Amino acid sequence: MNHSGNHFLIGEKALNSLYRAALCILVVNLFAPLVSGQRAQPDGRVSLIRQRYNNINRKLATYRIVKKNGIEIDSESGGKMKAYLAGQQVRKIVFWLTSESSRWQMEYYYWDGNLIFAYHRKVQMNMETMRPESSEERRMYFDDGKLIKLLVDKADVSLTDAKFDEDYKSEVENTVRLSGDLVARVQPR
């Protein structure tokens, strides 16, 4: 009996060590997003969108391509697009727009007919040298037609902050509108 009691004490010490290790792992996982500057995505929607994004890009060579030139958006002309379709479903649209002072590349990704991700890159041109002066990037994640995550130059933007309403809300609305307009150009109703 004394012998089995020692096994119990050894087991209890090992169990306590496991509890401490599990607690350390839990604390590291809870605080790692804060240290890295990213927010945790507890529901996994962003991870799922990233998986679908990768899936779409892996299969680009298998999709039917539709190209359109001379697209006018908001009185800016010269836009061109390339759409990738799986059967009749749009999977990806890449849209380029050039103005006097800037160059835009916009990518839109779709799953089951819904916009899931948009990437915008704007390069501001120096008007004297006509060389790139600065650039900005936006990454927008959508679920069920609603924006769930916004990255501006890789910085996470709070969607509940007043700054979002002031600085980004109309841009997101324009992104959704433009996405729908581009899909309609590929698939007239």
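## Terms and basis

Helices (H or I, at least four residues) and strands (E, at least two) are DSSP runs, numbered from the N terminus. This is a predicted model, in which local features need pLDDT of at least 70 and side-chain atom pairs count only at pLDDT 80 or more, while totals for chains, interfaces and linings use all residues. Residues are numbered from 1 along each chain as its sequence is written, and side-chain values use heavy atoms, with hydrogens and water left out.

## Confidence

The predictor's confidence in each residue is given as pLDDT, from 0 to 100. The chain has an average pLDDT of 81, and 74% of its residues score at least 70. Helix α1 (residues 2-36) has the lowest confidence, with a mean of 46, whereas helix α2 (residues 45-58) has the highest, at 96. Residues 4-9 have a pLDDT below 50, and this stretch has zero contacts in the model beyond near neighbours in sequence; a contact means heavy atoms within 4.5 Å.

Residues 21-42 also stay under 50 in pLDDT, and for them the model has eight contacts beyond four places in sequence. Where pLDDT is low, the predicted coordinates should not be read in detail.

## Overall fold

The chain contains four helices and eight strands. Their order along the sequence is α-α-β-β-β-β-β-β-β-β-α-α. Of the contacts between residues at least 6 apart in sequence, 33% join residues at least 24 apart.

The chain has 189 residues, and 33% of them count as buried. Buried means under 20% relative accessible area, exposed means over 50%, and partly exposed lies in between (1.4 Å probe, protein chains only). The accessible surface of the chain is about 12,500 Å², with 52% of it belonging to carbon and sulfur atoms. Accessible areas come from the Shrake-Rupley method with a 1.4 Å probe, and for residues only the protein chains shown count as cover.

## Nonpolar cores

A nonpolar core is a set of buried Ala, Val, Leu, Ile, Met, Phe, Trp, Tyr and Cys residues joined through side-chain atoms within 4.5 Å. The largest one has 28 residues, of which I93, F95, Y108, L150 and V186 touch the most other members. Two or more residues of this core come from each of β1 (64-73), β2 (76-86), β3 (89-98), β4, β5 (114-125), β6 (132-143), β7 (146-152) and α4 (169-186). Helix α4 gives the largest share, five residues.

Apart from residues up to four places away in sequence, F95 touches I71, I73, G79, K80, M81, W104, Q105, M106, L178 and L182. A second, separate core has 15 residues, including V46, V94, I116 and L151.

## Aromatic rings and charges

Four aromatic pairs are present in the structure. Rings of Phe, Tyr and Trp (its six-membered ring) pair if their centres lie within 6.5 Å; planes under 30 degrees apart count as stacked, over 60 as edge-to-face and the rest as tilted. The pair of Y109 and F117 is tilted, because the ring centres are 5.8 Å apart and the planes stand at 55°. Y109 and F117 are both buried. One aromatic cluster is formed by Y53, Y109, F117 and Y141.

Two charged ends sit over rings: that of K80 over W96, 5.8 Å from the ring centre, and that of R91 over W111, 4.7 Å from the ring centre. For this, NZ of Lys or CZ of Arg must be within 6 Å of the ring centre and within 35 degrees of the ring normal.

S102 belongs to strand β4 (residues 102-111). With a relative accessible area of 5%, S102 is buried. Beyond four places in sequence, S102 contacts L97, K122, V123, Q124 and M125. The C-alpha atoms of S102 and Q124 are 4.5 Å apart, although 22 residues separate the two along the chain.

T175 is part of helix α4. T175 has a relative accessible area of 2% and is buried.

## Loop residues with positive phi

Most residues other than glycine have a negative phi. D112, which is not a glycine, has a positive phi of about 50°. D112 lies in the loop between β4 and β5, and D112 is exposed, with a relative accessible area of 54%.

K154 has a positive phi near 70° and is likewise a residue other than glycine. The loop between β7 and β8 (155-157) holds K154. K154 is exposed, at a relative accessible area of 64%.
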